[in-house]
Amino acid sequence: EKRITPDAVSYSGVILACERGSRWHLAFQLCDRMALMRVPMDVISCSSLMSACEQGGEWRSTLALLRKMPSITLTPNHVTFSSAISACDTGRRWQTALGLFYMMPEKQPDQFCCNAAILASEKAGQWGEAMQIFHSMSSRIVEPDFISCAAAMLAADNGCKWADFAAYCNTESFLLVNFFRSGC
């Protein structure tokens, strides 16, 4: 009888299922089990655990895991940072979320990280920060998507700064702003 030994990939898949099922406690137990079985965590299992923590409102646990990554020879990437930024946003810790965003290497933030930071800024009523991040996307060679634009527009609307938002946008985006504005 052959016995299959779980590896980091199989554990990551189950941790991800825990995240989707809002079972962050179970995800932590699985990570403890990984350590017990001497299965090293990888960036994917860390990202999955961080996402599970975010879903559970456990922003502190997400930050602890992000800090722990270098000690287990893992380098945080855009996925882990995005999870941590989103977890801080969910935990209403917008300053921490933005701190994480700004400590990332200059070219590393992707669309998800930028969107998470814009959303955190918007929810905190920090329209200037949201606009700055939205504007920085082009210098980072990151294409804004619907979420980027919608979050930036919400921030501009909350700050009554539609003209400032339009200054950051090209003609097509300005037409989009007018379209959304007319529906309000």
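The largest nonpolar core in this predicted model has 50 residues, and Leu49, Ile85 and Leu100 have the most contacts inside it. Such a core is a set of buried Ala, Val, Leu, Ile, Met, Phe, Trp, Tyr and Cys residues joined through side-chain atoms within 4.5 Å, where buried means under 20% relative accessible area with a 1.4 Å probe, protein chains only. Leaving aside residues up to four places away in sequence, Leu49 touches Ile15, Ala27, Phe28, Cys31, Met41 and Leu65 (contact means heavy atoms within 4.5 Å).

Now to the helices (DSSP runs of H or I, at least four residues, numbered from the N terminus). H5 (residues 78–90) and H7 (residues 111–123) pack with their axes 8 Å apart, at an angle of about 15°; axes are lines fitted to C-alpha atoms over the stretch in contact, and angles run from 0 to 180 degrees between N-to-C directions. That angle makes H5 roughly parallel to H7 (under 35 degrees). On the H5 side the contact uses His78, Phe81, Ser82, Ile85, Ser86 and Asp89, and H7 brings Phe112, Cys113, Ala116, Ala117, Leu119, Ala120 and Lys123.

H3 (residues 43–55) also packs on H5, at about 10° with axes 9 Å apart, so H3 is roughly parallel to H5. Here Val43, Ser47, Met50, Ser51 and Glu54 of H3 meet Val79, Thr80, Ser83, Ala84, Ser86, Ala87 and Thr90 of H5.

Residues are numbered from 1 along each chain as its sequence is written, and side-chain values use heavy atoms, with hydrogens and water left out. Local features need pLDDT of at least 70 and side-chain atom pairs count only at pLDDT 80 or more, while totals for chains, interfaces and linings use all residues.

How values were computed. Helices (H or I, at least four residues) and strands (E, at least two) are DSSP runs, numbered from the N terminus. Angles under 35 degrees count as roughly parallel, over 145 as roughly antiparallel, 65 to 115 as roughly perpendicular and the rest as oblique.
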